[in-house]
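Here is a short report for a reader new to this structure. Look over the sequence and the model first, then read on.

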Amino acid sequence: MKIIKIYGDYIQLDQFLKKTDHISSGGETGAYLEAHKITLNGIKVHEKRKKIRQGDTLVIDDETFRITGE
């Protein structure tokens, strides 16, 4: 499990994918969502601008991320 620190109330999924180097631009988000299994707190994610907040757990394929704050 990787710990990811965010600043502010939330980070959008497309921003998170760029921050963690899964994609290089926001335009790749739609194709990435279709090609990979992504869940937020156990629920499959379909929206590229889904808000990810402190305390959430995001799983991309088999890689788990725990979101923390400042």
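## Strands and sheet

L40 has L58 as its bridge partner in β6. That bridge belongs to the pairing of β3 with β6, which is antiparallel and runs over three bridges. Two strands count as paired if DSSP finds at least two bridges between them. Helices (H or I, at least four residues) and strands (E, at least two) are DSSP runs, numbered from the N terminus.

This is a predicted model: local features need pLDDT of at least 70, side-chain atom pairs count only at pLDDT 80 or more, and totals for chains, interfaces and linings use all residues. Residues are numbered from 1 along each chain as its sequence is written, and side-chain values use heavy atoms, with hydrogens and water left out.

What is the order of the five strands in the open sheet? The order is β1-β7-β6-β3-β4, and the pairing is mixed. β1 and β4 are the edge strands, each pairing on one side only.

Take the β1 side. β1 and β7 run parallel and are joined by four bridges. I3 has R66 of β7 as its bridge partner. On to β6. β6 and β7 run antiparallel, also with four bridges. Here T57 stands opposite R66. The hairpin of β6 and β7 has two residues between the strands. In that hairpin D61 takes a positive phi near 55 degrees.

In a regular strand the side chains alternate between the two faces of the sheet.

## The nonpolar core

A nonpolar core is a set of buried Ala, Val, Leu, Ile, Met, Phe, Trp, Tyr and Cys residues joined through side-chain atoms within 4.5 Å. The largest one has 17 residues. F16, I52, L58 and I60 have the most contacts inside it. Which elements supply at least two residues each? They are α1 (13–19), α2 (29–35), β3 (38–40), β6 (57–60) and β7 (63–68). α1 gives the most, with three residues.

Leaving aside neighbours within four places in sequence, I60 is in contact (heavy atoms within 4.5 Å) with F16, L17, H22, Y32, K37, I38 and F65.

## A buried threonine

T29 sits in helix α2. Is T29 buried or exposed? T29 is buried, with a relative accessible area of 0%. Buried means under 20% relative accessible area, exposed over 50%, and partly exposed in between (1.4 Å probe, protein chains only). T29 is in contact with D14, L17, I23 and K48, again leaving aside neighbours within four places in sequence.

## Salt bridges

How many salt bridges does a search of the whole structure find? It finds two. A salt bridge is a side-chain nitrogen of Lys or Arg within 4 Å of a carboxyl oxygen of Asp or Glu.

One joins E63 and K2, with the closest N and O atoms 2.8 Å apart. E63 lies in strand β7 and K2 in strand β1 (residues 2–5), so the pair ties together parts that are 61 residues apart in sequence. The side chains of E47 and K50 also meet in a salt bridge, at 3.7 Å from N to O.

| Residue | Relative accessibility | Class |
|---|---|---|
| E63 | 27% | partly exposed |
| K2 | 44% | partly exposed |
| E47 | 41% | partly exposed |
| K50 | 32% | partly exposed |

## T68 and its contacts

T68 is in strand β7. At 26% relative accessibility, T68 counts as partly exposed. T68 touches I3, I4, K5, I6 and Q54, not counting residues up to four places away in sequence. One of these, K5, is 63 residues from T68 in sequence. In space, T68 and K5 are 4.8 Å apart, C-alpha to C-alpha.

## Positive phi in loops

Where does D21 lie? D21 is in the loop between α1 and α2. D21 is not a glycine, yet has a positive phi of about 60 degrees. D21 counts as exposed, at 69% relative accessibility.

N41 is in the loop between β3 and β4 (43–44). N41 is not a glycine either, and has a positive phi of about 55 degrees. At 45% relative accessibility, N41 counts as partly exposed.
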